[in-house]
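Try each task before you read its solution.

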Amino acid sequence: MSFEVGKNIRLAVFGQSHSKAIGISIDGLPAGLELDLKKIQAFMARRAPGHTCGSTPRVETDEFTVLSGIAGGRTCGSPLCVMIENRNCDPSVYRDMADIPRPMHSDYPAWVKYHGFNDAVGGGHFSGRMTAPICFAGAVCAQILEKFGVYAGAHIAGIGTEHDRLFDAVNVDEELLISLGTEDFPVLDRSAGQRMRALIDDAAARGDSLGGIVECAITGVPAGAGDTMFDSLEGQMSRMLFAIPSVKGVEFGSGFRGAELAGSVHNDEFCFDADGSVRTRTNNHGGILGGLATGMPIVFRAAFKPVPSIGLPQKSVDLRLGTEVELTIGGRHDACVVPRAVPAVEAAAMFTICDVLLSERSFYGA
């Protein structure tokens, strides 16, 4: 089913942008885990609307209610089920758009697939609102991974034409990854961040929008973790990343830039670290070879398209009347989703790695 994912940890997401609630059921978590719910809430607050640069005016706290799966403060073996109420909905602005697909939204293919019965209000289950339960799952997985010295963190690598510097893919500092999670606009170069903010403010003032890039790094993943071919580590990670609305591209390591290099330049040569462990002198491979982790930091980037809901007139069609129309989208929308997408990218990464490592005997020290 398209709302379910995972092998060892299985997620099932439910809800729509303006339904009474959204949520998630997480099955397969080890029993006995003591989860810090305040840390999970703090992680989710980074994604919540109405708090970051370029965010929609729709304010949702993303406070969650645990329905099952915890007894005596610890996971009990039952699926961990969580509900997040939608408390600030305004479906009225969508009433005149039920049969008029918004450009670059899922409206038209969803109208065809569901025979006109799709929920077009706020994008229904295609909305970025659905990343809130994914962030809950990612925050849970982060607490599991931390016990084994695995950390993930991300920053805004670019907004429009402005770019931050990239991670040092050979030497990613886990303290840096942790500190990025405390910032509402995480960047490595603050001056680049200021320029990005200015671009977002300018686009918002014009009724327009911008896209961008999120770069994520994961440290501590042991060599050999993952699988090959159809279950490659990149493939499993990409599946989660493309579940985030607006993601249109994913690259690992040098990505598309590597296609411009000769093998003699691009190849990562092996060496021994001071402690005798095998590593590579460079990290163009982004920490994954043959679908398996190499022990080097896993580094990837996700590209986000500009927010399609803009305040400028656009051309569309009326599917019921069979006429071409001009559409101006009302409502409350982000001028740029990238700042709020950073924790969603981290969550996708942490869930994938946790799901993969729970199948590795070495993860348990066996």
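What follows is a set of exercises on a predicted model, each with a worked solution.

**Exercise 1. Aromatic pairs**

Task: Find how many aromatic pairs the whole structure holds, and say what kind of pair Phe64 and Phe136 form.

Solution: The search turns up two pairs. Take Phe64 and Phe136 to begin with: their centres are 5.0 Å apart and their planes make an angle of 70°. An angle over 60 degrees counts as edge-to-face, and that is the label this pair gets. Where do the two residues sit? Phe64 is in strand β4 and Phe136 in helix α3, 72 residues apart, so the pair links distant parts of the chain. Both Phe64 and Phe136 are buried.

Now for Phe252 and Phe300. This pair is tilted, at 5.6 Å centre to centre and 45° between the planes. Phe252 belongs to strand β11 (residues 247-252) and Phe300 to strand β16 (residues 298-304), so the pair ties together parts 48 residues apart in sequence. Check burial against the cut-off, under 20% relative accessible area. Phe252 has 15% and so counts as buried; Phe300, with 0%, is buried too.

**Exercise 2. Salt bridges**

Task: Decide whether Glu34 is buried or exposed, and say which parts of the chain its salt bridge with Arg74 ties together.

Solution: Begin with the contact itself: the side chains of Glu34 and Arg74 meet at 3.3 Å, N to O. Glu34 lies in the loop between β3 (21-27) and α1, while Arg74 lies in strand β6 (residues 74-75), so the bridge ties together parts that are 40 residues apart in sequence. As for accessibility, Glu34 has 52% and is exposed, whereas Arg74 has 38% and is partly exposed.

Compare that with Asp107 and Arg102. Their closest N and O atoms are 2.7 Å apart, and both residues are buried.

**Exercise 3. A pocket**

Task: Describe the second largest pocket: how much space lies in it, and which residues lie nearest its centre?

Solution: First, the space: about 470 Å³. Second, the lining: there are 19 residues, and Lys39, Phe43, Ala142, Glu146 and Ile178 lie nearest the centre. Third, the elements: α1 (37-47), α3 (131-146), β8 (151-159), α4 (174-180) and α8 (338-357) each give two or more residues to the lining. Last, sort the lining by class, and you get twelve nonpolar, three polar and four charged residues.

Technical notes:
Residues numbered from 1 in each chain as written. Predicted model: local features only at pLDDT ≥ 70, side-chain atom pairs only at ≥ 80, totals over all residues. Heavy atoms only, no water. 1 Å grid on protein atoms, 1.4 Å probe; cavity = no way out; pocket = protein on both sides within 12 Å on 5 of 7 lines; lining within 4 Å. Points joined across faces, edges and corners; volume = space filled by probe spheres on them. Helix = DSSP H or I, 4+ residues; strand = E, 2+ residues; numbered from the N terminus. Nonpolar A, V, L, I, M, F, W, Y, C, P; charged D, E, K, R; others polar. Salt bridge = Lys/Arg side-chain N within 4 Å of Asp/Glu carboxyl O. Buried < 20%, exposed > 50% of the residue type's maximum accessible area, 1.4 Å probe, protein only. Phe/Tyr/Trp six-rings, centres within 6.5 Å; stacked < 30°, edge-to-face > 60°.
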